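Student: I would like a close look at one part of this model. Please take me through a helix pair and the sheet beside it, step by step.

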Amino acid sequence: MANAYSARTQNFLSDNLKSKIQNLKLIGLVAIVVAFALCGTVAEAQQPAKIIKIGWLASSPGRSAQFERYKNVLRALGYIEGKNIAFEYRFPEEGKLDQLPAVAEELVRLKVDVIVATGAPAALAAKNATKTIPIVFTSGGDPVVIGLIDSLARPGGNLT
């Protein structure tokens, strides 16, 4: 083994030009591979993290205090608006619940990652607007009686 090592060392240090060129090619190849690997790592590191888009659907603008409380909780959990989370807050004009379906469909068009619906009317509008986007709802009534879920044991669909 010592002979093999010393032979390699002698080969590198020898006056043989062909041997030196081969060694330089090998060193150059290794340097290029390392450079590409580092460039790939830097490129990955520079790509921005995905920003989670939360659609907030309220039955009235008066629910904005609840929205602020949710934002504060998420901030305490490390979600920073504009950095890793974004909000789309939507509600109909005061007293015009018939606008809720259009407002819910607007959130779907914005391709939010999840819809938070406050109140049964907002939750129903969100349910009718999408079958694929997860919907988290708050409701004072029985969600089975209201028609939001099939049963408490097996809610089905995309509502929680």
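Tutor: From α4, the residues in contact are L100, P101, A104, E105 and V108. Facing them in α5 are P121, A122, A125, A126 and A129. Sorted by class, this contact has nine nonpolar residues, one charged residue and no polar ones. Keep in mind that the model is predicted.

Now the geometry of the pair. Helix α4 covers residues 100–109, and helix α5 covers residues 120–129. Their axes are 8 Å apart. The packing angle is about 55 degrees. An angle under 35 degrees would count as roughly parallel, and 65 to 115 as roughly perpendicular. The two helices are therefore oblique to each other. As for hand, α4 and α5 make a right-handed crossing.

Next, the sheet. It is open and has four strands, in the order β2-β1-β3-β4. The pairing is parallel. Strands β2 (85–90) and β4 (135–138) are the edges, each pairing on one side only. On average, neighbouring strands are turned by 20 degrees against each other, with direction ignored.

Look at one strand pair in detail. Strand β1, residues 52–58, pairs with β2 in the parallel sense. Six bridges join these two strands. In one of them, I54 has F87 of β2 as its bridge partner.

Helix α4 lies across β1, β2 and β3 (114–118). Its direction is at about 180 degrees to β1.

The structure holds five aromatic pairs, and F67 with F87 is one of them. Their ring centres are 5.4 Å apart, and the planes stand at 90 degrees. That makes the pair edge-to-face. F67 sits in helix α3 (residues 64–76), while F87 sits in strand β2, so the pair ties together parts that are 20 residues apart in sequence. F87 thus has two partners to look at: F67 by its ring, and I54 by its bridge.

Methods:
Residues numbered from 1 in each chain as written. Predicted model: local features only at pLDDT ≥ 70, side-chain atom pairs only at ≥ 80, totals over all residues. Heavy atoms only, no water. Axes fitted to C-alpha atoms, helices over the stretch in contact; angles between N-to-C directions. Parallel < 35°, antiparallel > 145°, perpendicular 65-115°, else oblique. Left-handed = near helix turned anticlockwise from the far one by under 90°. Contact = heavy atoms within 4.5 Å. Nonpolar A, V, L, I, M, F, W, Y, C, P; charged D, E, K, R; others polar. Pairing = 2+ DSSP bridges. Phe/Tyr/Trp six-rings, centres within 6.5 Å; stacked < 30°, edge-to-face > 60°.
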